Amino acid sequence: MLTIKKLGLKWDDAAASAEEALDFPGLHGYVCANLSSPQPWDDRRVADEAWGEAAPDDMVEVATSLATRLDERLSAGDTPWIPAALEAPTEDYHPLQEWAVGYLERVFADDGAWFEERDESVAQALVPLMVLSGLFEEEEDMAELMADTPNVDRMAKDVPDLVVDLYGIIHLGPDQD
């Protein structure tokens, strides 16, 4: 299995001083979403947003290197490696939950661009990530979905395919993916 260590990357979770800083799974989700985003990529902006403040240059390099590897896979239509077990989050901290939070943070930062001309397709594709993130557990319909553990496990297993689907919806349009 591919790991962050095998990729030669080290996102320094402990060094980020801002409370808003994402851990590595969150960064990975943020970068995946940024690659799918209709907005252009900007190494410094993405790293700073994920870091929660001005990111050190070596952390910008980590985000850029990760983006390069992920973009190669996504542009070829291949599923990305996700740095988490693809199962329903059951603990206080679960890397897949952090990954989904990172992905959604990027989507909601430019939600107008994401939903423009493809509102329904994007919204449907994001539902599993919304469930997995736990950010919407107060909403009745999301709480019902989250309570269905077998369904949430299926959603978790589908995350790599969802990333490819969202990439295709945004870059190719909903009818071409």
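Helix α10 spans residues 159–172. Its 14 residues reach 19 Å from the first C-alpha to the last, close to the 20 Å expected at 1.5 Å a residue. The model is predicted. Helix α10 is mostly covered, with 10 of its 14 residues buried. These are Val-159, Pro-160, Leu-162, Val-163, Val-164, Leu-166, Tyr-167, Gly-168, Ile-169 and Ile-170.

The chain as a whole is helical in its elements. It holds 10 helices and 0 strands. From the N terminus on, the order is α-α-α-α-α-α-α-α-α-α. Of the 177 residues, 46% are buried. The accessible surface comes to about 8,800 Å². Carbon and sulfur atoms account for 48% of that surface. Among contacts with a separation of 6 or more, 68% join residues 24 or more positions apart.

In soluble globular proteins, nonpolar side chains tend to be buried together. Here the largest nonpolar core has 53 residues. Within this core, the residues with the most contacts are Trp-99, Tyr-103, Trp-114, Leu-126 and Leu-129. At least two core residues come from each of α2, α3 (43–51), α4, α5, α6, α7, α9 and α10.

Trp-114 has contacts beyond its neighbours within four places in sequence. The partners are Ala-33, Ser-36, Ser-37, Pro-38, Tyr-103, Arg-106, Val-107, Val-122, Leu-166 and Ile-170. Two of them, Leu-166 and Ile-170, are among the buried residues of α10. Another, Tyr-103, is one of the core residues with the most contacts.

Ser-36 is also a partner of Trp-114. This serine is found in helix α2 (residues 24–36). Its relative accessible area is 0%, under the 20% cut-off, so Ser-36 counts as buried. Leaving out residues up to four places away in sequence, Ser-36 touches Tyr-103, Trp-114, Val-163, Leu-166, Tyr-167, Ile-170 and His-171. Of these, Val-163, Leu-166, Tyr-167 and Ile-170 are buried residues of α10.

Methods. Residues are numbered from 1 along each chain as its sequence is written. This is a predicted model: local features need pLDDT of at least 70, side-chain atom pairs count only at pLDDT 80 or more; totals for chains, interfaces and linings use all residues. Side-chain values use heavy atoms; hydrogens and water are left out. Helices (H or I, at least four residues) and strands (E, at least two) are DSSP runs, numbered from the N terminus. Buried means under 20% relative accessible area, exposed over 50%, partly exposed in between (1.4 Å probe, protein chains only). Contact means heavy atoms within 4.5 Å. Accessible areas come from the Shrake-Rupley method with a 1.4 Å probe; for residues, only the protein chains shown count as cover. The expected span of a helix is 1.5 Å times one less than its number of residues. A nonpolar core is a set of buried Ala, Val, Leu, Ile, Met, Phe, Trp, Tyr and Cys residues joined through side-chain atoms within 4.5 Å.
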